[in-house]
Amino acid sequence: MIAPAASLDIRQLRREDLDTFFRDQGEKSFRAGQVWQWIWQKGATDFAAMSNLPLSLRENLARHFHFYPIRPDIEQVSTDGTVKRRFALHDGHRIEAVLIPVPEEERYTVCVSCQVGCSLTCSFCATGQMKRVRNLEAAEIVDQVRMVNERCLATYGRPLTNIVYMGMGEPLLAYAPVMASIERLTAPDGMGFSPKRITLSTAGIAKMIRKLADDNPRVNLALSLHAADDAKRNTVMPINEQNNLAVLMDALEMFYRATGNRITYEYIAFQQFNDHPEDARKLAALTRRFPVRVNIIEYNPVEGVDMIRSDEKRLDAFVAELSRLGVTVTVRRSRGKDIDAACGQLANKG
Ligand code: SF4
């Protein structure tokens, strides 16, 4: 049981903690269920809004707990419909989430952050240039989904269809809050989102991929691959030095065997770095052990990074070579080119 304190966000309590609190306070047990519903189904962030609770109970809750919701800050809207939102956290830090609408496919995806900054220092990433400050709380992740969902409903009249943990931070290094957020997002007494529509994207931490396979929250897994041999991957993703491709492939295979979920490789095509025919062949070789979908991503330039996106001709040749080798491949055209599209760019802005 977490000791109640006026400074504690009530949303850090597990359901059993809340039940215990109500029992200790001599309150009827069904009241805990009502509060839980207000918090996780209706998204209440104020005890005063809990209109079916007696005033004395609302006042008592406010004496013991607090809410620290994230607050919308800046928003940028791209001509292609992509909406990037920056949020302020209660302790002054800032994160971002992105709405990626594809109305013609009835797909509305939110990309959420799970950490303030990131410790993994991938050389091409704006977030990697910031230090890791802290993990987000589960409620701060759920808030991003809820607020972007409201934006999506208001603009498109449709709720979100997909959630990707691909924003700031490494989800497998913020494991506990990420798992707790998935539980709240998918629970029938939470947001009721299908886990099949949720994807965790990792830079590749083998031990944690194995743990995810064991815990099996039934979500999808994507590996940010970006290079198909260790020497090359080490130069852009230092995490590869302790988690080389052989170790990662073993862990991914275990994930696949445990969950039956096809894995996605995310692969940013960088001009003259990883877009040679030889790279395509090495990448294809990494798709043979278990079912894999390859997602080629166009790079959004980041200040201070001298890597650039592959030009059209090289990208087409690269994709054609992968297809020729029998790889299931899609190309994700860059979105939000006219806004601070790269992950971490907007949050990092003064
Ligand atoms: S790409 Fe992901 S893991 Fe790498 S530094 Fe950026 S946020 Fe961290």
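Start by selecting Leu322 and the residues it touches: beyond neighbours up to four places away in sequence, Leu322 is in contact with Ala280, Leu283, Ala284, Val294, Val327 and Val329. Two residues are in contact here if their C-beta atoms, placed from the backbone, lie within 7 Å.

Before you go on, a word about what is on screen. This is a predicted model, in which local features need pLDDT of at least 70 and side-chain atom pairs count only at pLDDT 80 or more, while totals for chains, interfaces and linings use all residues. Residues are numbered from 1 along each chain as its sequence is written.

**The nonpolar cores**

Which residues touch the most other members of the largest nonpolar core? Select Val110, Val112, Ile163, Val294 and Leu322, out of 85 residues in that core. A nonpolar core is a set of buried Ala, Val, Leu, Ile, Met, Phe, Trp, Tyr and Cys residues joined through C-beta atoms within 7 Å. A residue is buried if 20 or more other C-beta atoms lie within 10 Å of its own, exposed if 12 or fewer, and partly exposed in between, with C-beta atoms placed from the backbone.

Next, colour helix H4 (residues 138-156), which gives this core its largest share, eight residues. Helices (H or I, at least four residues) and strands (E, at least two) are DSSP runs, numbered from the N terminus. Then pick out Ile10, Leu13, Leu18 and Ala32, which are among the 13 residues of a second, separate core. In soluble globular proteins, nonpolar side chains tend to be buried together.

Is Glu321 buried or exposed? Glu321 is buried, because 20 other C-beta atoms lie within 10 Å. Leaving out residues up to four places away in sequence, Glu321 touches Pro277 and Ala280; Ala280 is also among the contacts of Leu322.

Most residues other than glycine have a negative phi, and most peptide bonds are trans. Now select His226, which is not a glycine but has a positive phi of about 65°. You will find His226 in the loop between strand E9 (220-224) and helix H7 (230-236). His226 has 25 other C-beta atoms within 10 Å, so it is buried.

Gln272 is your next stop: this residue also is not a glycine, and its positive phi is about 60°. Look for Gln272 in the loop between strand E10 (263-268) and helix H9 (277-285). Gln272 counts as exposed because it has 11 C-beta neighbours inside 10 Å.

**Helix H8 and the chain's later segment**

Select Phe255 in helix H8 (residues 245-259). With 22 other C-beta atoms within 10 Å, Phe255 is buried. Setting aside neighbours within four places in sequence, show its contacts: Ile209, Leu212, Ala213, Leu221 and Ile263.

Then jump to Ala347, in the segment after strand E12 (328-332). Ala347 counts as buried, since it has 26 C-beta neighbours inside 10 Å. Beyond its neighbours within four places in sequence, Ala347 is in contact with Arg86, Arg94, Ile95, Glu96 and Met168. Ala347 and Met168 are 179 residues apart along the chain, yet their C-alpha atoms are separated by 9.0 Å.

**Around the ligand**

Centre the view on the ligand. Among the 13 residues around it, Cys118, Cys122, Cys125, Gly128 and Ala203 come nearest; a residue is near a molecule or strand if its C-beta atom, placed from the backbone, lies within 6 Å of it. This shell has seven nonpolar, five polar and one charged residues. Ala, Val, Leu, Ile, Met, Phe, Trp, Tyr, Cys and Pro count as nonpolar, Asp, Glu, Lys and Arg as charged, and the others, Gly among them, as polar.

**Zooming out**

Colour domain 1 (10-64) and domain 2 (71-332) separately; these bounds come from an automatic or database domain assignment. Their contact takes seven residues from domain 1 and six residues from domain 2. On the domain 1 side, the touching residues are two nonpolar, four polar and one charged. The C-alpha centres of domain 1 and domain 2 lie 35 Å apart.

Finally, show the whole protein, with its 10 helices and 12 strands. Its C-alpha trace spans about 70 × 40 × 35 Å along the principal axes, and buried residues make up 43% of the 350 residues.
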